[in-house]
Amino acid sequence: MLDKYERNINYLRVSITDRCNLRCTYCRPKEGISLKGHEDILRYEQILRVVGQAVKMGFIKVRITGGEPLVRRGFVEFVQRLKKIEGLEDISLTTNGILLERFAKDIFAAGVRRINISLDSLDADRFREITGGGNLDDVLRGIDAADKAGFAPIKINTVVIRGFNDDEALEFARLAMKKPYQIRFIELMPVSMVNINQPREFMPNAELLKRIQKHFRLEESEKKKQSADGPARIFSLAGGAGEIGFINPVSDHFCSTCNRLRLTADGKLRACLLNESEVDLKKALARNCSDEELAGLIDRAIMLKPEKHDLDCTDRNLKKCYRDMSDIGG
Ligand code: SAM
């Protein structure tokens, strides 16, 4: 479906829970254990109904996210049911990898082929610090299990925080030399902003790219610019097994090609990550609304998509005006 700016909106990011087994400092407050009860969260049947309707309206891609999607009970069965929706061409997953060793095989068997694993540090102590107690080995074993299960390519998402992990850029590049992973550096966005000072800790990816180029020969992939990599700029590494990507939502926003809607765990359709416009589906779903009404609500969310997010992300007076990322679904 085309929005007001002629963008074809065909990609739904679905947050199935706001709960997470990590407490990443920039993603949610330390004390921010979910207060939402089961009754506040869409049931799987309701999510499947929304996706089914969206697919009838032209959506072809779904990414499952959270919170941490693998902590919600019945996840694999949910994916199996999602897979049965005719017309849905692509199901992908974003996970922190902590539980991946246990689930990788089953998720692959259920039909997911593309997986993004978040990993902000390759140093165990730092990883524990940034994630509020996470164990790096769990994630590394999860990545390994995903590799063995057959996921390809495996994408690793690394949020770059100046003064915290920017010095690990070369270490991540070395990992991409050795393994066939696509390491994607993501600029820190001013979402939630409880434990971070985004203007101070933000590092533009252009700076990181220059730093990596001093040590590795990178070649930008033209083909990948138009592919399923979405807004990432992808570079191959001469002599390496993997690739490096840069996602620049702050320094070089990609709103003109945005094709997404987000379904939050509590049943809101959000038109843009960095804009508060939302359409509530939960009430309508709870009273078992007609397909026409549901389609109308999805249509309304599409029409709410702004031309671009209007944040000056380096504005020091930026208000903490957003829901936490774990709440919206990253
Ligand atoms: N739990 C899953 C995970 O860790 O991948 C899925 C949800 S998490 C919110 C999705 C992604 O959003 C993670 O890669 C996380 O690093 C990223 N993220 C959270 N807050 C962010 C911020 N302020 N700026 C940039 N990325 C952020």
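## Ligand surroundings

The structure is a predicted model, in which local features need pLDDT of at least 70 and side-chain atom pairs count only at pLDDT 80 or more, while totals for chains, interfaces and linings use all residues. Residues are numbered from 1 along each chain as its sequence is written, and side-chain values use heavy atoms, without hydrogens and water.

Polar contacts here are pairs of N or O atoms within 3.5 Å. A polar side-chain atom of Ser118 is 2.5 Å from an oxygen atom of the ligand, and one of Glu68 is 3.0 Å from a ligand nitrogen atom. A polar backbone atom of Thr95 lies 3.4 Å from an oxygen atom of the ligand. Of the 550 Å² that the ligand exposes when taken alone, the protein buries 94% (Shrake-Rupley method, 1.4 Å probe).

## Helix H5

Helix H5 (a DSSP run of H or I, at least four residues) covers residues 136-149. Its buried residues (under 20% relative accessible area, 1.4 Å probe, protein chains only) include Leu136, Val139, Ile143 and Ala146. The buried residues of H5 pack against several elements, among them helix H3 (100-109) and strand E5 (154-160); contact means heavy atoms within 4.5 Å, and a strand is a DSSP run of E, at least two residues.

At the start of H5, a side-chain oxygen of Asn135 comes to within 3.2 Å of the backbone nitrogen of Asp137. Gly150 follows H5 and has a positive phi, near 115°.

Note on methods
Expected span 1.5 Å × (residues − 1). Buried < 20%, exposed > 50% of the residue type's maximum accessible area, 1.4 Å probe, protein only. Polar contact = N/O pair within 3.5 Å; in protein donor to acceptor, adjacent residues only side chain to side chain.
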